[in-house]
Amino acid sequence: MSYDKVKQAAKLSIGNKQATKTVEQGKALEVFVAKDADPRITIKMVNLCKKMGVNVTYVESMKLLGKACGIEVGAAVAAVVND
């Protein structure tokens, strides 16, 4: 279900740096975090989302999240962008 949301999103910010910028700018609708990603990377994003009031959805795999985003490599974090 969550991967379908990512696939159907009109615009995504993929990766920790890009997603962080999107959340800080108040443009993120929802953030997807891979459960198998390094917590040292994802904890800052989760805390930022709580502070900014952005919904965080956990998905099982970096590989599957990357695939849902349309990239060849795994993704720890992806944000759905509100245009």
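Modeller: Gladly, and remember that this is a predicted model. Let's start with β2 and β4, which pair in the antiparallel sense.

Biologist: What makes β2 and β4 a pair?

Modeller: Two strands count as paired if there are at least two bridges between them. β2 and β4 have 5 bridges, so by that cut-off they are a pair. To see one of these positions, find F32, whose bridge partner in β4 is A78.

Biologist: Where do β2 and β4 sit in the sheet?

Modeller: The order is β1-β4-β2-β3, in an open sheet of 4 strands with mixed pairing. β1 and β3 each have a single partner strand, so one side of each has no neighbour in the sheet, and they are the edges. From one strand to the next, the twist averages 20°. α3 lies across β2, β3 and β4, and runs at about 150° to β2.

Biologist: Which side chains does E30 meet through polar contacts?

Modeller: One is K5, at 3.5 Å, and another is T57, at 2.4 Å. The cut-off for a polar contact is within 3.5 Å. Leaving aside residues up to four places away in sequence, E30 touches K5, V54, N55, T57, A78, A79 and V80.

Biologist: How do you know that the buried residues of α4 line one face of the helix?

Modeller: The buried residues in α4 are L65, G66, A68 and C69. Looking down the axis of α4, they fall within an arc of 160°, so they line one face. K63 and K67 are exposed on the other side of α4. As background, an α-helix has 3.6 residues a turn, so residues three or four places apart point the same way.

Biologist: What do the buried residues of α4 pack against?

Modeller: They pack against α1, β1, β2, β3 and β4. For L65, the residues touched include Y3, F32, V59 and V77, setting aside those up to four places away in sequence.

Biologist: What makes S61 a cap for α4?

Modeller: A side-chain oxygen of S61 lies 3.1 Å from the backbone nitrogen of K63, at the N-terminal end of α4. Just after α4, G70 takes a positive phi of about 85°.

Biologist: Last one: which residues touch the most other members of the largest nonpolar core?

Modeller: Those are V23, V31, M45 and L65, out of 26 residues in that core. The elements giving two or more residues to this core are α1, α2, β2, α3, α4 and β4, and β2 gives the most, with 5 residues. In general, nonpolar side chains tend to be buried together in soluble globular proteins.

Technical notes: Residues numbered from 1 in each chain as written. Predicted model: local features only at pLDDT ≥ 70, side-chain atom pairs only at ≥ 80, totals over all residues. Heavy atoms only, no water. Core = buried A, V, L, I, M, F, W, Y, C linked by side-chain atoms within 4.5 Å. Buried < 20%, exposed > 50% of the residue type's maximum accessible area, 1.4 Å probe, protein only. Contact = heavy atoms within 4.5 Å. Arc of directions from axis to C-beta. Polar contact = N/O pair within 3.5 Å; in protein donor to acceptor, adjacent residues only side chain to side chain. Axes fitted to C-alpha atoms, helices over the stretch in contact; angles between N-to-C directions.
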